[in-house]
Amino acid sequence: MSKDKKTPKKTEKTEQKVEKTAKRAVIMQGNEAVAKGALAAGCDFFAGYPITPSTEVAEILANELPKIGGTFMQMEDEIASICAIIGASLAGAKSLTATSGPGFSLMQEAIGFAKITETPTVVVNVQRMGPSTGMPTSPAQGDIMQSRWGSHGDAPAIVLYPDSVKEAFQLTIRAFNLAEKYRSLVVLLLDEVLGHMREAVTLPDLSTVRVINRIKPTVPSQWYKHYDENQKYLSPIASFGDGYRFHVTGLTHDDHGFPTNKPNEAAKMMERLNKKIKHNIRDLVQIETESMGDAKVAVFAAGIMGRASKEAVRMARAEGLKVGLLRPLTIWPFPDDAVTKMLKDVDAVVVPELNQGQLFHEMERLVRERKDGSLHRLNRNDGTVITPAEILSKIKEVYNG
Amino acid sequence: MAKIPQRKIHDYLRHDKKFPHVWCPGCSNGIVLGAIIRAIDELKLNRDNIVMVSGIGCSSRMPVYVDFNTLHSIHGRAIAFATGIKMYKPGMKVIVITGDGDATAIGGNHFIHAARRNLDLTVILLNNSIYGMTGGQYSPATPHGDKATTTPYGNIDPDFDICKLAIGAGASHVARTTAFHAIELQKYIKEAIEHPGFSLVEAICACPVIYGKLNKKGDAPAMMRNMRDNSIPIKAAEKLPADQVAGKIIRGTFIQEIRPEYTAAYKVLQDKFVTKEGE
C-alpha cells in the first residue's frame with residue numbers, strides 16, 4: 001500500500017494486473033491485511049481515532065477509501081468513531097472502525113446500541129497489554145472476555161480471531177459478511193504481534209471473494225417492519241433515505257422499532273437477539289484442528305497463541321508424542337461442541353493464553369458440565385508471548401500425568 | 001411567516017403509534033416540535049430525505065413522534081451518529097434534537113468538533129436548564145446559584161453560554177430564541193435547515209414541573225411570561241449598557257456565514273480521483 005502512495009499511476013496498473021494473473025506472494029502486515037480485507041468485502045465507510053497498535057488500518061483506509069468513492073473520517077474520539085459507523089450503516093454503509101483496548105473500552109456502550117438495533121458494523125480490536133494504558137506495543141489477549149461481555153446488558157457477540165496475516169484478510173471479509181447476514185456488530189480480535197507482523201501472503205483474486213450484502217426490503221413502506229419476526233435473523237433491512245421512514249432506538253423495542261415496556265415484547269426482542277446466534281452456530285463457528293485423530297493431549301489456543309501452539313504440536317509429533325491442536329477462528333459464540341468432543345477424546349488439554357485464563361474459564365465451564373478431560377492452564381501476562389518450546393514443555397509435563 | 005393549520009401538523013406525527021407523549025404538562029418541547037414541523041412544511045422538504053437524530057433526555061424523545069427517518073441514539077452521541085449519516089448520505093437533511101445536558105456535558109466533545117468541521121447538520125438544542133428525565137439534576141446550563149436535586153444548596157458552577165461555545169468552536173450559523181417566541185423560533189429553524197453548514201438553534205425552554213418548581217419560577221404560564229419579559233433581541237442588547245443586559249436572554253442570529261462545508265470538502269477530495277481515472 002505504501003508503494004501505491006509513492007509510485008505513479010503506471011505502476012499501480014501493472015500491480016493490479018500482477019495480482020489478477022500471477023497471484024504473487026506479497027509481504028504484508030496484519031493491519032494492512034485487515035484494511036485490504038475490508039476493501040475486498042465492500043467496506044465504504046471508516047471512522048476511527050488513532051491508537052497504537054491499530055493505526056495502520058486507519059492510515060491505509062484514509063489513503064484508499066476516497067479513491068473508490070468511500071468515506072474516511074478521523075473522529076474526535078473512539079466513542080464518536082463507533083457512533084459514526086453505526087450512523088453510516090443505518091444510512092446503508094458497510095462500515096468499520098479499528099482500535100485497541102482503551103478505545104474498545106470506550107466503545108462498549110455504543111456496541112450495545114449496535115446490538116440492540118441490529119445494525120451491521122465491524123469493529124477491529126488490535127489487542128495490547130492492559131489494563132489501562134498498559135504496554136501499548138506489547139501483545140496480550142486480555143480482551144477475550146471484554147469482546148463477549150464488555151457492553152452492559154445481556155446480548156450475544158460474534159468475535160473472530162485470526163492467527164496469520166492471510167487469515168486476518170480472510171476473517172475481515174468474513175466479519176463483514178456475518179455482520180450483513182446476521183444484522184449484527186462483529187468484532188475482529190487481533191494480537192498486537194499479528195497487527196504489526198509482516199509475512200508473505202498470497203491473496204485470492206478479488207473476483208473470487210464471496211461478498212454478502214444485507215437484504216433490502218421490497219414491501220410497500222406501510223408494511224415494513226424494521227425487525228420482522230416472520231423472517232427471523234435474516235429480515236430485510238432498509239436504510240435511511242430508502243423511503244421507509246422507520247424508527248431506531250436503543251430502548252427495548254417492538255418489531256416496528258418503537259419503544260416498549262411490555263414484558264412480552266421485551267422478551268420477544270431478547271429472544272430474537274439470542275436466537276439468531278444460537279440457531280446458526282454451525283454457520284458462525286469456525287475451528288481448525290491439527291493431528292487430533294489419535295491425540296492423547298490437545299492444545300486449545302486462539303490467535304497468535306494458536307499459531308505458537310501449532311508449532312509446539314508439530315515439535316511434539318516429531319518427538320513421537322500424540323498431541324493435537326484445536327484452534328477456534330470464532331471465539332464467540334464459543335465452539336462448545338468441538339471443545340466438548342475434544343474433552344471426551346483426550347486425556348488432557350493445555351490452554352496457553354496471554355492473560356490470566358479467559359478461554360480457560362470457558363473450558364472450565366464445559367468440563368464442569370461434562371465431567372471429562374483435564375485442563376491445564378499456561379498463562380503469561382507480561383507483554384511477551386509464550387514460545388512453542390514453552391508450550392511443548394507444558395505438553396510434556398501433562399503428557400504422562 | 002406562513003400559518004400552518006393544526007391538522008397539517010398531525011400529518012407529520014406518528015399519532016397512531018406512540019402517543020400520548022412523555023412530556024409533562026407545561027413543557028415547552030411541544031412548542032419546539034411544532035416550530036420544527038412548521039419550518040419543514042414551509043420548506044416543502046421530502047420527508048423520506050429527512051433524518052431526525054437525538055440522544056437521551058426529555059427533548060431527545062422527540063424523534064419517535066414524527067414521521068421522518070428517526071434515530072433515538074445514546075446519551076450525548078446524537079451528533080456523532082448524525083455525522084456518520086450525513087457523511088454517507090450528504091444529500092439528506094440531518095436534524096439533531098438535543099438538550100443542554102446531552103449536547104454540552106456528555107456530548108460536548110462531539111458538539112464542538114461538528115461545529116469545527118462545519119458539517120451541514122441542523123442542531124436544535126432545547127435548553128431547559130436541567131436534567132429533566134432523570135428528575136432534576138443540574139446541567140452545564142443551570143444558572144449559577146439555582147437549585148437542582150444535586151445542587152440543594154445552590155449551584156456553584158458557572159453556566160455555559162451555549163451560543164458562544166458554538167461560535168467559538170467554529171459554527172457558521174448560530175441563533176437563539178425562546179419557546180415563547182414560537183414564530184421567531186420557526187423562522188430560525190427554517191434558516192438553520194437552509195444553511196449549508198453547521199447550524200445551532202438554541203431554544204430556551206420551560207420545565208415548570210421540575211426546574212420551575214425547584215427554583216420557585218411559578219407555573220408554566222409564569223415561566224412563559226418570564227421568557228417574554230426577560231429576553232431582549234440582540235440589536236436592542238447591543239445598544240444597552242452591560243449591566244442592563246446581564247441576566248437577560250439574548251435572542252437573535254449571532255452568526256450566519258457561508259464557509260466551506262465538510263461534506264462538500266470531502267466530495268472535492270473524492271472527485272480528484274474520479275477525474276484522474278477519466279484522464
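A residue is termed buried if 20 or more other C-beta atoms lie within 10 Å of its own, exposed if 12 or fewer do, and partly exposed in between, with C-beta atoms placed from the backbone. The model is predicted: local features need pLDDT of at least 70, side-chain atom pairs count only at pLDDT 80 or more, and totals for chains, interfaces and linings use all residues. Residues are numbered from 1 along each chain as its sequence is written, while chains are lettered from A and ligands numbered from 1 in the order in which they are written.

Helix 3 of chain A spans residues 30–40 and is mostly covered. Of its eleven residues, ten are buried. Helices (H or I, at least four residues) and strands (E, at least two) are DSSP runs, numbered from the N terminus. The buried residues of helix 3 of chain A include A:Glu32 and A:Lys36. Also among them are A:Gly30, A:Val34 and A:Leu39. Just after helix 3 of chain A, A:Gly42 adopts a positive phi of about 100 degrees.

Chain A is divided into domain 1 (2–208), domain 2 (221–282) and domain 3 (288–399). These bounds come from an automatic or database domain assignment. Between domain 2 and domain 3 of chain A, the C-alpha centres lie 39 Å apart.

Seven strands of chain A build an open sheet in the order 3-2-4-5-7-6-13. Its pairing is mixed; two strands pair if DSSP finds at least two bridges between them. Strand 3 (71–74) and strand 13 (330–332) of chain A each have a single partner strand, so one side of each lacks a neighbour in the sheet. Neighbouring strands of this sheet are turned by 20 degrees against each other on average, direction ignored. Strand 5 (residues 121–127) and strand 7 (residues 185–191) of chain A run parallel, joined by seven bridges. A:Val123 has A:Val187 as its bridge partner in strand 7 of chain A. Helix 8 (residues 165–182) of chain A packs on the sheet and touches strand 5, strand 6 (158–160) and strand 7 of chain A. Its direction makes about 165 degrees with that of strand 7 of chain A. Axes are lines fitted to C-alpha atoms, for helices over the stretch in contact, and angles run from 0 to 180 degrees between N-to-C directions.

A further open sheet of chain A has five strands in the order 10-12-11-14-15, again with mixed pairing. Strand 10 (287–290) and strand 15 (375–379) of chain A form its edges, each pairing on one side only. The twist averages 20 degrees from one strand to the next. Three bridges link strand 11 (residues 297–300) to the parallel strand 14 (residues 348–353) of chain A. Here A:Ala298 stands opposite A:Val349. Helix 12 (residues 303–318) of chain A lies across strands 10, 11, 12 (323–328) and 14 of chain A, at about 165 degrees to strand 12. Helix 15 (residues 388–399) of chain A lies across strands 11, 12, 14 and 15 of chain A, at about 155 degrees to strand 14.

At the interface, 34 residues of chain B are in contact with 37 residues of chain A. Contact requires C-beta atoms, placed from the backbone, within 7 Å. Strand 2 (69–72), helix 3 (78–88), helix 5 (108–117) and helix 12 (262–278) of chain B each give two or more residues to the side that touches chain A. Helix 3 of chain B provides the largest share, eight residues. The residues of this side divide into 16 nonpolar, eleven polar and seven charged. Ala, Val, Leu, Ile, Met, Phe, Trp, Tyr, Cys and Pro count as nonpolar, Asp, Glu, Lys and Arg as charged, and the others, Gly among them, as polar. Strand 9 (residues 247–249) of chain A runs parallel to strand 2 of chain B, with three bridges between them. A:Val248 pairs there with B:Leu71 as its bridge partner.

Methods
Two residues are in contact if their C-beta atoms, placed from the backbone, lie within 7 Å.
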